[in-house]
Amino acid sequence: MKKKLALIVTGVLLLACLFPMPNHLKDGGTVEYRALLYTVSRVRRLNGLETEKPLQEGLIVKLLGIEVYNDVE
């Protein structure tokens, strides 16, 4: 009985590691979805008015803190 309960608790904790919490940044509209195992950022950042492209847009994916994909222009 205790072994079965321990497996259920472990499964629930591992499942909780996969659900992200959204975090809205105040840099122009960036949204970061963070879980314990990964982070996905939808970047929408203001550069400034003097630059050619005043808005940066893209997607950043990190697994275990290691950047896997970066499409920010």
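Visitor: Hi! Where does Thr30 lie?
Guide: Thr30 sits in the loop between strand E1 (21-24) and strand E2 (31-34). Keep in mind that this is a predicted model.

Visitor: Okay, and is Thr30 buried or exposed?
Guide: Thr30 has a relative accessible area of 4%, and buried means under 20%, so Thr30 counts as buried.

Visitor: Which residues does Thr30 touch, not counting those up to four places away in sequence?
Guide: The list is Asn23, His24, Leu25, Arg42, Val43, Arg44 and Arg45.

Visitor: What does the side chain of Thr30 reach at 3.2 Å?
Guide: That would be the backbone nitrogen of Arg44.

Visitor: Let's switch to salt bridges. How many are there?
Guide: The count is two. As background, side chains of opposite charge can pair when their charged atoms come close.

Visitor: Which residue forms a salt bridge with Arg44?
Guide: Glu57 does, and the closest N and O atoms are 3.0 Å apart. This pair links distant parts of the chain, as Glu57 belongs to strand E4 (residues 55-63) and Arg44 to strand E3 (residues 38-46), 13 residues apart.

Visitor: How accessible are Glu57 and Arg44?
Guide: Glu57 is partly exposed, with a relative accessible area of 38%. Arg44 is partly exposed too, at 40% relative accessibility.

Visitor: And which side chain meets Glu32 in a salt bridge?
Guide: The side chain of Arg34, with 3.4 Å from N to O.

Visitor: Is Glu32 buried or exposed?
Guide: Glu32 is buried, with a relative accessible area of 18%. Its partner Arg34 counts as partly exposed, at 47% relative accessibility.

Note on methods. Residues numbered from 1 in each chain as written. Predicted model: local features only at pLDDT ≥ 70, side-chain atom pairs only at ≥ 80, totals over all residues. Heavy atoms only, no water. Salt bridge = Lys/Arg side-chain N within 4 Å of Asp/Glu carboxyl O. Buried < 20%, exposed > 50% of the residue type's maximum accessible area, 1.4 Å probe, protein only. Helix = DSSP H or I, 4+ residues; strand = E, 2+ residues; numbered from the N terminus. Polar contact = N/O pair within 3.5 Å; in protein donor to acceptor, adjacent residues only side chain to side chain. Contact = heavy atoms within 4.5 Å.
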